[in-house]
Amino acid sequence: MDHALTYGDYMPHGMCLLWEPWLVTLWAGSDLLIFLAYTAIPIALLTILRRRTEVPHAGVVALFASFILLCGLTHLMGIVTLWYPIYPWVGWIKLATGVVSMTTAFALFRMIPDIVRLPSPAALVAANESLNAEIAAHRETLASLDQQVRERTAELEKATAALAVQAREAVHRSGNLLTVVHSLATQSARGSRYTDQFLATFLGRVQTLADTTRAIAKSDSSSAEIVQVVASGLAVLHETYGGRITSRGPALTIDPVAAQQLSLALYELTTNTQKYGLGASNSAEVEVRWTADSEKFEFAWRESGIDLTALEASSSTEGFGSKLLMRIVPRMLNGTAERTFQSGEMIYRLAAPISSVALYRTDESGGQLAARIIDTTFGLD
């Protein structure tokens, strides 16, 4: 063992270089630079391992650092042996370097399959670009969904507001309709002596209101076409007297209140003509006309070929029917009415501002949307 550690019997390496100053300096300087580099590299590797704990195969990196550091020590010993022949010590250091080098090489060969599977920089760049594109697409999708949610929310709020308005309108109109029914009952009772007479008159008027309301409910909005209102009011006369009834006028969408009032007026007129006009004379005829422009609406009922004596006598006493035709209906429509008797004809004219009769929508889309939601939710026809 002493022989393995003692070095007194050996000569320094400088003697092999003949102690040439330039050669000794070249030899020592080269080994010094190699030693410094081989010392700095392991320090850098170990610093990386300390700061980046997620580095894969950290043990192999540590083997590389040890191998390089031992290589640097052999070069440092090369400088020392120029003057001190410590060759046994240098041999042991080289042996340690060889063992660590072989271990590092063995570990490196075992890692070859894993290293080969590592993606190349180009593949990593392509993967990053693909991920960035996917992220951008997801962001666009989220932005589109967010916009759709905002639009649907605004649409729903608009529909809710429209439904609230229609609900309030329905309550208001229901109250008005009940008031009208109460008035019809009261006024019909005043002019009737017998229960059967009262019921016939009252139920006829209520049925007229019901038919008009039902026609409005079946439409797509809270309105009615005047052609339908007139046709409904004249249906009984057409079935009974056929071609002796004519009606004509432009198409016009009217307000529900106007539809109800015109229906009540038509009921009174048809009831009277069955008593004193068409029902009393085979030559009697009825002509219904209406006109409308941007300012005025006019409705005319003309009975011709009738005996005016009985009709004038019935009109001289102002019952509820006459009040309805001459006062209530015109007042409800902010208009005027007149009834004339001449040359075997009775003419009833009703005039009103077009704004009191025609329906003007200020928010068509909101009403259509509300109607669609009601139909979808409750299955209304």
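How many bridges join strand 5 to strand 7, and do the two run parallel or antiparallel? I counted 9 bridges, and the strands run antiparallel. The model I am reading is predicted.

**Entry 1: strands.** I looked up individual partners next. K296 has P353 of strand 7 as its bridge partner. I then turned to strand 6, residues 336-342, which pairs with strand 7 over 7 bridges, also in the antiparallel sense. Here T340 is bridged to I347 in strand 7. Strand 6 and strand 7 make a hairpin, with 2 residues between them. In that turn I noted S343, whose phi is positive at about 50°.

**Entry 2: nonpolar cores.** I asked which residues have the most contacts inside the largest nonpolar core. They are I254, F297, F299 and W301, in a core of 39 residues. I listed the elements that each supply at least two residues of this core: helix 8 (226-241), helix 9 (256-276), strand 4 (285-292), strand 5 (296-304), helix 11 (320-332), strand 7 (345-353) and helix 12 (354-357). Helix 9 gives the largest share, 7 residues. Another core, of 5 residues, lies apart from this one, and I found L17, V24, A28 and I79 among its members. For context I wrote down that nonpolar side chains tend to be buried together in soluble globular proteins.

**Entry 3: aromatic pairs.** I searched the whole structure and got 1 aromatic pair. It consists of Y10 and Y87, with 6.0 Å from centre to centre and 85° between the planes. I recorded the pair as edge-to-face because the angle is over 60 degrees. Where do the two residues lie? Y10 is in the loop between helix 1 (2-5) and helix 2 (21-51), and Y87 is in helix 4 (residues 87-110), so the pair ties together parts 77 residues apart in sequence. I also checked accessibility. Y10 has a relative accessible area of 37% and is partly exposed. Y87, at 30%, is partly exposed as well.

**Entry 4: confidence.** I looked up the mean pLDDT of the protein, which is 79. Of its residues, 73% reach 70 or more. Over which residues does pLDDT stay under 50? I marked residues 361-381, for which the model has 22 contacts beyond four places in sequence.

Key
Residues are numbered from 1 along each chain as its sequence is written. This is a predicted model: local features need pLDDT of at least 70, side-chain atom pairs count only at pLDDT 80 or more; totals for chains, interfaces and linings use all residues. Side-chain values use heavy atoms; hydrogens and water are left out. Rings of Phe, Tyr and Trp (its six-membered ring) pair if their centres lie within 6.5 Å; planes under 30 degrees apart count as stacked, over 60 as edge-to-face and the rest as tilted. Helices (H or I, at least four residues) and strands (E, at least two) are DSSP runs, numbered from the N terminus. Buried means under 20% relative accessible area, exposed over 50%, partly exposed in between (1.4 Å probe, protein chains only). A nonpolar core is a set of buried Ala, Val, Leu, Ile, Met, Phe, Trp, Tyr and Cys residues joined through side-chain atoms within 4.5 Å. pLDDT is the predictor's confidence in each residue, from 0 to 100. Contact means heavy atoms within 4.5 Å. Two strands pair if DSSP finds at least two bridges between them.
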